[in-house]
Each structure stands twice: as C-alpha cells, then as structure tokens.
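Colleague: I'm new to this one. Could you put it up and let me ask how you know what you say about it?

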Amino acid sequence: MSDSSSSPPQPADELFVASDRVMARGARLLGDGIVRQKALFTVSVVCSVLFGAMTVADAWVLGWATDHVIRPSFARGEVLTGALWTSIWLFLGVAVLRAIGIVGRRLVGGIVYYRLVAGHRRLVTRRYLALPMSWHHRHPTGQLLSNANADVEAAWAVFMPLPMAVGVVAMLVAAVVAMLLADVVLTLVGLVVFPALFGINVFYQRWLSPKAALAQSLRGDVSAVAHESFDGALVVKSLGREADETERFRRHAEALRDANIAAGRIRSVFDPLLEMLPNLAVLAVVLIGIGRVRSGAAEPGDVVQVAYLFTVVAFPVRAIGWVLGELPRSVVGWDRVQGVLGATGEMPYGPRDARADGAADLRLEGVRFSYDGSTEVLRGVDLHVAPGRVAAVVGATGAGKSTLTTLLSRLLDPTDGRVLLDGTDVRELTHDSLAQAVAVVPQGSFVFDDTVRENVTLGADVDDDAVWEALRTVQADRFVAELPAGLDTQLGERGTTLSGGQRQRLVLARALVRRPRLLVLDDATSALDPDVERRILLALAERTAQGDGPTVVVVAYRKATIALADEVVFLADGAIAAQGTHPELLERSEDYRRLVDAYDQAREAAG
Amino acid sequence: MSDVTDPRESGWRVVRRGLALSPEVKEGLGVTLLLAVLSTIGGTAVPVVVQRAIDSGLGDGGSTDVESLSRWLLVAVAMILLTAVVAYVMRVRLFVASERGLTTLRVTAFRHVHDLSMLTQNAERRGVLVSRVTSDIDQVSLFLQFTGIMLVLSLGQIVVATVVMAFYSWQLTLVVLAAFVPLFVSLRWFAGRLSRAYDTVRRTVGEMLAVIAEPVVGASVVRAHAIETRTQRRVDEGIDRNLRANVRAQSLVAFTFAAAGLSGGLAIAGSVAVGVWLGVADQLSMGTVIAFAFLVGLVVGPAQNATQVLTEAQNAIASWRRVIELLDTPADVVDPARPVALPDGVLGARFDHLTFAYPGGPDVLTDVDVTIEPRQRVAVVGETGSGKTTFAKLLTRLVDPREGRVLLGGVDLRDVAFADLRRHVLMVPQEGFLFDATLRENLRYGRDGATDAELLDVVSRLGLDDWFAALPAGLDTAVGQRGESLSAGERQLVALLRSALADPDLLVLDEATSAVDPRTELRTTRALERLLDGRTSVTIAHRLTTAENADRVLVFDAGRLVEDGTHAELVAAGGTYARLHASWVAQSQLGVAAP
C-alpha cells in the first residue's frame, strides 16, 4: 500500500560509494583490525603463507617424484626404493604442513574475526551506556541495535577471507618462482593465466556487488512488509484485506526474486569460467611442454609440476575476490560503527551525596528545556513540592509533562535553570546517590530477560521480604506467587510473558523496592484497571502519611488519580498555568476545568 | 521438531514435500541435475590428457604420436568448453527455477499466515511467523542454489573421478578410496558435532541480542537506576558466550577441512608408491600413475567441503520443514464452499446456544444464547477473562464456536463468504493500527480506491474537520511506522475514519483502556457517536459512560452471560453489573467535587 511498494526499488546508495574512498577507508579499517589483533593476525597470516607455500610444494614434489622416482623406476624396470620412500615422506610431510596451515588459517583467522566483532560489540554497548538520553532520543532503536550487531559484523567481515587472500598472494609469487625454476617458457602460461584469474575475480565483484546490494535491500523490504502486515493482522482481517495484502507482499517478493535471478545469472557465468580457465591452462602447458621436452629444454617432471600447479592454485585465488567483494560492505558497517564510537557528550555527575533518608524536598527554578535548540518544550518552570507531598502534573498532550519528569532524575538536563533536591542542584550529586534518591517509572514498561526477582531488585542488595512487600504494594504479589517458579520465574523473550498491566506493576515495584525519597510516575499506571491504580496510589499515600513514604510527582490523566494528589500542577504550553488543589483549580482556571471535564463533556455529547 | 524418525529419511520427505509445494522448482529438475552431473565430466579430461601425453610423448622411450595427442587435446578443449557452457546453463536454470518456486512458496505461506487465527490470538508468535516467510525461505534458497547443488556436483565429481580411476586401475582406485575411508567414516560424527556446535552458536546469538537490547531499549531504566556496571557485565557475558561458541564451531570446521587435505596427501603418496610398484611389474603405464595425482585432486575439494555441506543441508532442511509445517497447519476458520448471501439492510445478530473453547483449553464461553436486534447499541461488560473479548471475536468470525451457532441476519456465519461478511461486519480493535504510509492510503484500507472528496467527506461527517486542518500535510501526512508520528488518540481517530469508509452494518468495537489526552478523548467520543448512528453496534466497554449510553448491556462473568438489560434495569437489579457500576462511580465521583 505504501508509496515505496509501487515505485521501483531503489538500490542502497551507500554501497556505491566512490571506489577510491572505499579503498582509503578500507585500508584504515584493515589497519585498525590488524593492530587490534596483531599477534593472532600474524599467526593466521603465517599459517596462510605456509598453506600457500605447501600448495606450491605439493606440485614440486609431484614433479620431483616424476623425474626421480617414477621415470627411473619405469626405465629400469625396478623400484628405486630409497627415492620412493623419500617422495612418500615428502608427499606426507607437505600434506601435514599444509593441514597445519589450513587449521591455523581458518581457526586463528576465525578467532581474529570473532574477537574483533566481540571487542567492538563491547565498545559500542559501552558507548550506549555512557551517552546521554538526549543522544538516545535522537537515534531510532532499530538503528542502534543494528549498529551493535549487523554493522559490527559487516565491519569486520572482510577479516574472514583476509588471511587466506594474503596467503594466496604469497602462493602466487611462490608459484611463479617455482615455474621459473622449472621452465621459463611454461611460466608464460602462468603469467597469462594468473592475472586473468585475478582480473575475472575483480570484474566479477564489481559486476555482482550492486546487484547483490539491491537484492539485500529488497530482502529488507520483504521482511518489513511481512512484519507490518502481521502486526496489523486484526485490521487486515476485519477489513477483509487479506488478498490485497498478499498482492502487496507478492509485489515485493517478486522484485526480490527478479533481483536474485539477475545476481544469479552473473554468478552462473563466474563459477564455470573460473573452473574452465585453469583446465585450459593445463592443456596449454601439456601442448607447449611436449615441445620443450623434445627440444630437451625441460624435463617431463617440470611439465607435470607446472600443470599440477594450475589445478591446485585455481580455487584459492578466489579468496582475493572475496576480500574485494567484502570490502565495500565492511566500510559501510565500519563507518556506522565509528559514528557511535565517535559520539561524545557523556553526562557528568557531581561529587556530592544526597541526604540518606526522609522524603525529598523538590524545587525547580526557572527550568527551560528544548530538544532541538529552537522550540522550547518547557519555558521557565518554577515549582516547589514539599517533602511527603503528592503532586499531580496535569496538562494536554505536548504541554511538557513527560519532559518535566525526565529532568527530575537527570535523564535530561534543563537547557536553563536548576532542579534542586533538598536544596542541592541534582547536577552536583553522584550518579548512585541520585539514582538512590529519585525513582522514575517511565511510560512503557521495560522488562529485562531475567528472573522476577532480578527485574525488581536490578542487582540491588535487597532481601526477598522487601521484594514481596514492594510487590504487595503494587498488587502484584498474587500473580507473582502464581507464576511457575515465583520470584525465580524467568521473564522476557524466552521466559514467561506478562500482560501489560502485570509488567507495569513489576516496574512500579522496581521503583518502590529501592525506597526512593522522590517517586516520579510518568503515566506509569495507564495500563492498569482504574481500580488497581487507585489502590496502589492509596497504599502509597498511606505510607507517606505515616512519614514512611516518598515525595511523589505523578503525571495524571484520570480524575481519580488527580483527586488523590495534595496539589495539582497544571501545565500548559511548557509553563505552569495554575497550581493548587484540585477544587481550587477547578474554580480558578477555566482551561483546567475544560481539560479535566473533557470526559464529562464527552458523556454529555454521547448522551 | 520431533526427531523420532530417522532424520535422513524425514529429510528426504521434507525435500519431496517442499518440491511438491514449489512446482516451479520441480519442473525440469531432472534435466538440471543431469546437466550438473555432465558438467563434472569436463574436469576429468585433464588427467586423461596428462596420461596420454606422458605415455605417448612426454615420457621416456615412448614414440611420440603427436597426431593422436593433438586429437586428444582438441577433444579435451571441446569437452572443457562444452561443460563450461553446460555448467552455465545448469546454474541459470537452477537460479530461475528455485527463485520462482520459492517466491510461490513465500507468497503461499504469507497468505496462509493471514488465514490462521493464531495470528490474531497470539501476538508473541508474530515474529516467528515473519521468519517463516523471510529467513526460513532464504535458507532454503541458499540450500537449493549453493549447498544443495554443491552436494550434487561434489557427489557427481567423486563418482565420475572414481569411474575414470577404476577404468585405469582398480588397484590404485582401492588405494585412493582407502585413503579417504577414515574421513568418510568420521563424516557423520563430525557433522553431528558441528550441527550441535552451530545450535549452540544460534542459541548464544539469541541470548546476546536480548542483552544487547537492554542498554538500547531500556536506556532510561538503566540510567534512572544507575545500573550501568551491572548491565555492561550482562552484555559482556552474553558477548563472551557467543564468542566461545563461534570459536568452537570454527575449530571443528577447520579440522574437518584439514583432515580432507591430509587424506588427499595420503592418497597421492599411496597411489605413487603402489603405482610405481605395479608399473615396474608392467601392469600400469607411467602416465596412469601421474594421472592419478590429478584425479585425487578432483576428489579432495568435494571431501573438504563435505562436512560443511552436510551441516548446512541439515539447517536448510530444518527451515524447509518449518515452512511446510506452517502450511500443514489447517486454517481453522475457512471460507464456505457454497456461501449463502446475507440479506440487505441493517442486520441483527443471534448467538444460538453457543459454547467456545480454545483447542485443549477450558470453556471460555458456555451456552450463550442472545439476540441483538438491528440498530441496537449493545455494551458488553465484565472482568478480564469473563469472555467478553471472545464474544466479539465470534461475532466477527475471527474464531468459530465449538457448539452452537452465530447467526447474522438469520444466516450461520460459517455459511457466509468472507467477502460478504467483511462488507457487513467490522471490528475496530483497541489500538488503532496504521500502516507506514500516508493518511490517504491508510484511509483507503477502509474503502479501496476512495477519492479524496470521499475521504474528506467522511472527515466532515465524523466532525473531525478541525483535527484534520491541523495536520501538517492533510491527506499526504505520513503516519510513520505503525502510525507512530500520530498520538495514540489520533491513531484511534484514523481507525474510526477508516471504519466509516468501510461503512459496515454491524460494528464491533473494543474500547481502548489506556487514557489519552482528554481533548482527543472528546473528539473520539463525538466521532464514534456519529459513526455508530444508524448501525448495529457491540462495544466491549471499559468505561462507565459507554454502558450508561447503550440501549442494552450484556454482562459476562466466567464465560456465562449473567445479566442482560438496560443500564437502569441492571443497576436496579442489584447484581454483578450494579457492583461493577458502583466501583466505577466511586472512582469518577472522587474527582467531581467542584461545580
């Protein structure tokens, strides 16, 4: 249905970066990776060179055996036992060394790649943890996840074939030397065929990579359409749009099919061509070789050796093509990862500890905030909430309610003005001390892939009694007790799935168990039954009345919630329009009355 | 996936079933496979020419027969060129056939998913269903185009090379085969280990992705609770486990690869030794001995890849099996073979002694018997789990009853064609789900090909002109992924507009529970009011006002219809509804202290 479905698919532009830039960036990427894994990379390259050398040696041994074992034995009619044993040991020795080279190249080379990927995953996630929320807000979740996963893998993917490619270069040099030693004229065949193999590989990658990139981006489209269509299944079904959705999916699937076939046609040329070329080379060597042997310029063993070289060298040469094919993709991934690693702007925390107990005194002085530097979301908010009070923040969508709450625990800092906790600017407090004092329950409830207990404590040193007490306060003790393993029940993707209301209660318990001195609820109870919400808030109010509860700031929509507050802060267009008790505001503010009475108006409209 | 049957045998069955589901792949597959085997013959021309050359010219003492040799050379060149062409044709055929066939399979599977009630019942399974039509099919395509054909080519090459060897000398053939015996014997063992190692890799990838999501998706939670160190530790552990699993799998691959190379070395050494010995006894020519070295080379490559090919084949077959299992899951709600047309006009509905249970579960609704008159406005209330949502699903035929019937205008829903049903009955879910497109396109989901004038007319009719006027680009406003550029309330408004365009006779509404901004709430209520006008409606009510304003309230408790009447009647009756109502009132009264 979307526009993109009817227009022809666009190739991923970034894969067509100018090739000199790719080479320059690629060189830096290779250098960076090699420096990070110096020792192991060296081992893998040494092993790969050993593999390349032994591949050439294999052919040399066959040539040697031809001239020193096979021919003499056939000529004399008796087995030259000594020479035969020598050749057998040579064959086996070369095979063993070659096997060692293969293991080293593949295993150590693989370790280099996996370590680079793991290392960068750690670096990227460390940046995520260090960078401020304002940075997180600017970057879509999907992009950040793919930076840490697909992009990191793509960035280092070139290191998988790299050791082999280096070994192949060594092998080609060794092969040419071996050919020169065997026969100069036969070497000419190699000097024609090797560059041709190399050229075909380069040409192939150039030809294929835009087509492969197109197919890759179309594959993404197909997946996006399937995701969307299945997510909206209820709408699709109730509007009877299954056939249209299938048609939409078919269009994308067929575009992918055609791109795959186009790429497939190129692949179909390449494999047979690369197989054919060395075979023809062997025939050329045999043809030329006969002449050389008859003129006495070469021994038959030389011809056998050169011919055999072509059969063993042909396949590994592809590694060079793999590196060239991987490099542009790696550069794109590397650039994206560098974008994260280069991002700056950590939020510094202060040196002071907040007071340890008692409800907090909250004060905002001239607080202004803007996400983009131009439009102000908060325009000079002055507010005081005395210890133990419950303040409800009320306002229309876009009034700045959520923004206000995020400033209290320093998820964001005000662009101007101060947030004071017990008279201390929150920017002067240590991170731990601030987190201890202020608990924010945000919109949406994030549950970790962990047990119920860990989801509540988040590693804090709290005993099970305290956990149960928090669960009781938020009316979650019953459903947790009924879970298969109680507090030890695993939650998340591979664990038990909770309903929205259950998740929200768990998140509330997470905030309460830390006994915060300031509790901030940002529409944290919207997924709860109004009745459950009321009971939770009453329990909180009761604790506060006993001097045991926190100061509470709650973003409220429901009248019942508002009515439980000691005072109401009415936000309009980023500033406090009115403040007082609910009845006072109803009396004083026309706008406030209109806003909170909207439900009633709706009722009248309906009646 | 049950592993009760021999995996190899069931693997074959999967391939056969899979091919039957993708006729484009199957068609001409025989020819393609024949071409594949033929394409392996070209390579054997080389050892033969080497043998001829050595025995007829290159070797010692032989009389040089240049004429015969050049004939051999010419034939060999022709064979190599020809097989290259055959290989090209074979690959193109394979790519075209497999891509066509798998696209058919992909689209068929996609359509089938939409027919499964699982999709609307079980939101957690959606991600899995997406992978059935994406990555699982990609796996199968990789298998058909690369791994599978590599298997065929490898086997073909081994067989052809062995035949040529046997033609030259059965003794040397035995020597070569003996050198490879340990490898082939251990192949299944290696493949088993490798497949387990890759299972571990996949598992650790899943775990790692989950913990890596924490500092991203849960960024504010991590920050607010100052648990950065703990989170980093969990992430590092996940990354390390994945690293170890990958290195382990990689080491198995490296060793099997090297083992094949060793076998090759052994085979060449053995064939040279035995060959010389036999040659001296005049049983073999010198060319044959050297040709064997070249022939062994033809076997080493396929042997090196065998373990990996087998492992990848297992993965691909597992993916294929999952897609087939999906298609084998019968659609539980099916379009009738001989549909009965619904009568014209606004329709009423009737539940005729209906009982419903999900497969293997307890009864969700028990013996519900109720008639809803045309144009009646019905509110359905009850606690979570009372069966009120299932009631709505039955009415829109998202599920079918176990016993009893749902009748619409006197016709059993199971006899009504889907197309007919969707024209008359529409369900509006809690969340207004929008597609990533413009407002115009989203509205057209309600009525295909509706003109802009028609769309604007509906906006006016639902009284949303002021809201519409405030949109940045009118009908061209892009709503974003899942409509996220709009607020939850606005998404609901779009859903109502879409429903008005669909113009059904019977509307089934699931009222949103989460609070939206009161101003939008007011708009929604007004729009809804206008939408319901003149239609039959059944609303799953979460709000007092909805029930109060309905013509009739149906109260569900533990799967039974326990009360049925107007708001006033039920309040007076003092039953379940009266209690529910009292608690509702208590909440809203709290706030109505002022004028």
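Modeller: Take β7 (residues 518–522) and β8 (residues 551–555) of chain A, which pair in the parallel sense over five bridges. This is a predicted model, where local features need pLDDT of at least 70, side-chain atom pairs count only at pLDDT 80 or more, and totals for chains, interfaces and linings use all residues. Residues are numbered from 1 along each chain as its sequence is written, with chains lettered from A and ligands numbered from 1 in the order in which they are written.

Colleague: What makes β7 and β8 of chain A a pair?

Modeller: Strands pair if DSSP finds at least two bridges between them, and these have five. A:Val520 stands opposite A:Val553 in β8(A). Strands themselves are DSSP runs (E, at least two residues; helices are H or I, at least four), numbered from the N terminus.

Colleague: Which sheet holds them?

Modeller: An open one of six strands in chain A, ordered β6-β7-β8-β3-β9-β10, with mixed pairing.

Colleague: Why are β6 and β10 of chain A called edges?

Modeller: Each has a single partner strand, so one side of each lacks a neighbour in the sheet.

Colleague: How do you know whether chain A is spread out or a compact globule?

Modeller: Its radius of gyration, taken over C-alpha atoms, is 36 Å, well over the 25 Å from the globule rule for 607 residues, so chain A is more spread out than a compact globule. That rule is 2.2 Å times the number of residues to the power 0.38. The C-alpha trace of chain A spans about 120 × 55 × 50 Å along its principal axes.
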